[in-house]
Amino acid sequence: GGLVERGGAGRGGAGAMGPPAGGLRTLRARGVSAEGFARFGRLVGPLPDGAGYEAGLAAGREARLVLDRGQPRFYIMRLPAKGLGFDRITHHKACTQCLGGLGPEPWYMAVAEASEVGPSETDLHAFRIPPGVFVQLDEGTWHAGPLFGGNAERDFYNLELTDTNQVDHHNHVYGREGLTFKVVDEDGNDQ
């Protein structure tokens with residue numbers, strides 16, 4: 001699994017979640033790569049105009065979309081600043097989802113492989129996503145994020161189904177287990 005460190009009280013980036021003593025876990029995020037993300041989905045990055053789909057897949061820069069169970073929705077999702085902490089993780093069984101930041105800053109996501117039950121803390125992996133790269137989450141991939149530091153809201157591209165958040169939004173709440181997670185960059189910086 002991902003590197004999980006146990007910790008006590010601290011900023012946590014989780015705002016008002018107020019983790020119980022000893023309930024804060026730190027996930028160290030590493031830079032995302034096609035190979036490192038392959039168990040969870042794919043990366044989508046720049047390709048030359050006219051590049052074929054198979055060439056994009058081979059280059060590790062093409063999505064494999066599953067959006068045939070409803071009407072696809074591509075929109076700009078505005079998220080408030082919530083920090084790098086989380087106490088729940090979500091998955092969508094019926095479709096893939098693509099997310100990408102619009103700004104020049106990196107953002108973070110914690111993920112775990114698809115499963116019917118919520119992932120344990122040792123199943124979690126955290127990634128730093130650079131500007132200009134989208135992530136395509138496979139069906140059922142557990143995810144927390146986009147996560148980002150700072151005090152300003154940020155915009156993200158989002159491709160899913162029109163009703164994903166109403167009919168295919170399954171959560172595992174770590175807070176019920178007394179756990180809260182904070183993502184930090186592998187070099188220790190809080191973005």
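Biologist: Why does Trp107 count as buried?

Modeller: In this predicted model, Trp107 has a relative accessibility of 1%, and since buried means under 20%, the residue counts as buried.

Biologist: What makes the pair of Trp107 and Phe156 edge-to-face?

Modeller: The ring centres of Trp107 and Phe156 are 5.4 Å apart, with the planes at 80°; rings pair if their centres lie within 6.5 Å, and planes over 60 degrees apart count as edge-to-face, so the pair takes that name. Phe156, with a relative accessible area of 0%, is buried.

Biologist: Why can the pair of Trp107 and Phe156 be said to tie together parts that are apart in sequence?

Modeller: Because Trp107 belongs to strand E8 (residues 107–112) and Phe156 to strand E12 (residues 154–161), the pair ties together parts that are 49 residues apart in sequence.

Biologist: How many aromatic pairs does a search of the whole structure find, and what makes the pair of Phe86 and Phe181 stacked?

Modeller: The search of the whole structure finds 9 aromatic pairs. One of them joins Phe86 and Phe181, at 5.2 Å centre to centre and with 20° between the planes; planes under 30 degrees apart count as stacked, so the value of 20° places this pair in that class. Phe86 lies in strand E5 (residues 85–86) and Phe181 in strand E14 (residues 180–185), so here the parts tied together are 95 residues apart in sequence. Both Phe86 and Phe181 are buried.

Biologist: Which residues form one aromatic cluster, and what lies over the face of Tyr75?

Modeller: Phe37, Phe40 and Phe127 form one aromatic cluster. Over the face of Tyr75 lies Arg73, at 3.7 Å from the ring centre, a value that meets the distance limit, which asks for CZ of Arg within 6 Å of the ring centre.

Biologist: Why are strands E3 and E4 said to stand at the edges?

Modeller: The open sheet of 5 strands has the order E3-E10-E7-E12-E4, with antiparallel pairing. Strand E3 (41–44) and strand E4 (72–79) each have a single partner strand, so one side of each is left without a neighbour in the sheet. Neighbouring strands of this sheet are turned by 20° against each other on average, with direction ignored.

Biologist: How do you know that E3 pairs with strand E10?

Modeller: Two strands pair if there are at least two bridges between them, and 4 bridges join E3 to strand E10 (residues 134–137), with the two running antiparallel. Within these strands, Leu43 stands opposite Val135 in E10.

Biologist: What joins E12 to E4 and to strand E7?

Modeller: E4 and E12 are joined by 8 bridges and run antiparallel, with Leu159 in E12 as the bridge partner of Phe74. Strand E7 (residues 97–101) is joined to E12 by 4 bridges, again in an antiparallel arrangement, and the bridge partner of Gly100 in E12 is Tyr157.

Technical notes
Residues are numbered from 1 along each chain as its sequence is written. This is a predicted model: local features need pLDDT of at least 70, side-chain atom pairs count only at pLDDT 80 or more; totals for chains, interfaces and linings use all residues. Side-chain values use heavy atoms; hydrogens and water are left out. Rings of Phe, Tyr and Trp (its six-membered ring) pair if their centres lie within 6.5 Å; planes under 30 degrees apart count as stacked, over 60 as edge-to-face and the rest as tilted. Buried means under 20% relative accessible area, exposed over 50%, partly exposed in between (1.4 Å probe, protein chains only). A charge sits over a ring if NZ of Lys or CZ of Arg is within 6 Å of the ring centre and within 35 degrees of the ring normal. Axes are lines fitted to C-alpha atoms, for helices over the stretch in contact, and angles run from 0 to 180 degrees between N-to-C directions.
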